[in-house]
Every structure is written in C-alpha cells, then in structure tokens.
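Hi,

Here is the model I promised to pass on. Have a look, and my notes follow below.

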Amino acid sequence: METLAQKKSRAGLIIAELNNMYPEVRCELEHANAYQLLVATILSAQCTDKRINMVTPTLFDRYPMVNDMAQADRNDVIGYIRSTGFFNNKSTNILACCKDIVERFNGEVPGTLEELISLSGVGRKTANVVLNHIFHVPAIVVDTHVGRISRHLGLTQEKNPAKVEFALMKILPEEAWIPWNHQLIKHGRTVCIARRPQCGQCQLRALCSGFIQQLTVDKGQLTIENQDL
Ligand code: SF4
C-alpha cells in the first residue's frame, strides 16, 4: 500500500514527465473576458472546444456584455448554440447565470469559488476554469479525462469529480494544479485514450499503476509491454 508521501513523490515524477511531454499550457476556449469564458465553459459540456470556438464569435457579437445576455431571448440564443448540443439546458443556464451576475454582482463575474458556484448553472468545474484563467487562482479542473487518467495513475480511486479534486489537492503541489487539467486532456486525447489506452507508447507507464495492473492481468500483454520498458 502506497503511503501519501510515496504517492506525492511519484506524482512529482509524473508532473516532471508531463511538463516534458506537454510544455504548453493554455486555455483552448477562446475568450476576451470573464463573461465570455464563463459562457464558453458552460457551452463546452459534452462538446469539443473546437466546436465552441466556432460558435462563440457570433454569439458574443450578438451579446457582447453580460447585461446583453441577461436580457436575451432564449430561443434566439438557442439559434446560435444549437450545434453544441444540450442547447435547452445550456441556454437556460447561461441566461440564469447572467441574470444572477447582473442582479447579485452588479454585472461583474465574481472571483471566488463560493460566489461562482452560487451562480445558476455553474458547478465546480466551470468555476475552477474561470478561477484559473481569469483570476489566476490555482484550482484543479476535473473533467472526464482528468478523472479517468488520475485513477489509472493510481493517484485516487474516487469517481465523483469533486472527490477526485479534493484527493488530488492533497497529492499535487499547487503549481501543478492548473497544468494538470490541460496536460491530462492532451494525454487523454492522444495516448491514454478512454477505450484503448496506448500503454506501450506511454511515457508515464513506469509510473502508472494502471499499466502495472495490465501487466499483472494480461500475461500476453506482459511480454510485449516489457520489451518497451
Ligand atoms: S500507462 Fe496506460 S493507463 Fe497509464 S497513463 Fe499511460 S496510457 Fe494511461
């Protein structure tokens, strides 16, 4: 059984490797201010960043300020965001959120986790994205890639995103919190793919308990993968 100190030490090696593999860390959602990032992040649920970046320029041309969106006609908004999927929920959340910002925060996107998650339709993931990229407050954004790969790596067994976030906060140094999300998303798209992780080509495999389990479970895989180690 790995102790917390051992886990922290292994996490340090994983972070060093991730920094080598994915040195560039930036928000993929195009935005000019807090309002735009908040809306783009709400839209990004179950959708690709690429698609969101295709939709938001015209949406923000039509509704440039949070006050404009707070007074928007929902069906008109749906017309702009339809291709992002789940447009009924997303439009409801965006309008309610912007009304909250106008009524309770004088039209300014608030800058604390507690205030952000008090907004309609804003959960911890969206709030942490805004904290990271607008207010430069370290926070761990847990999406499906981050949860899945953090479990593969044996850093947590938790499935609930908030519990994954709390578990990782105990293990990762604060300076790694913002990059962790971006690096694991890139790793999840290219190497540690959900249904077919490419462990044989993964630079993290010597540090990954998911890989070690594969060695144990699948003896055929053991022979092949050991040649790579
Ligand atoms: S070794 Fe396999 S399971 Fe572990 S991070 Fe790499 S691809 Fe994912």
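In what order do the elements of the protein chain run from the N terminus on? The answer is α-α-α-α-α-α-α-α-α-α-α-α-α, which comes to 13 helices and zero strands (DSSP runs, H or I of at least four residues for helices and E of at least two for strands, numbered from the N terminus).

Before the details: this is a predicted model, where local features need pLDDT of at least 70 and side-chain atom pairs count only at pLDDT 80 or more, while totals for chains, interfaces and linings use all residues. Numbering starts from 1 along each chain as its sequence is written, and side-chain values use heavy atoms, without hydrogens and water.

The C-alpha trace spans about 60 × 35 × 30 Å along its principal axes. Of the 229 residues, 46% are buried (under 20% relative accessible area, 1.4 Å probe, protein chains only).

Beyond its neighbours within four places in sequence, Leu59 is in contact (heavy atoms within 4.5 Å) with Val39, Leu43, Met69, Val77, Tyr80 and Ile81.

Around the ligand (a heavy atom within 4 Å) are His152, His187, Cys192, Pro197, Cys199, Cys202, Arg205, Cys208 and Phe211.

Cheers

Definitions and conventions: Buried < 20%, exposed > 50% of the residue type's maximum accessible area, 1.4 Å probe, protein only.
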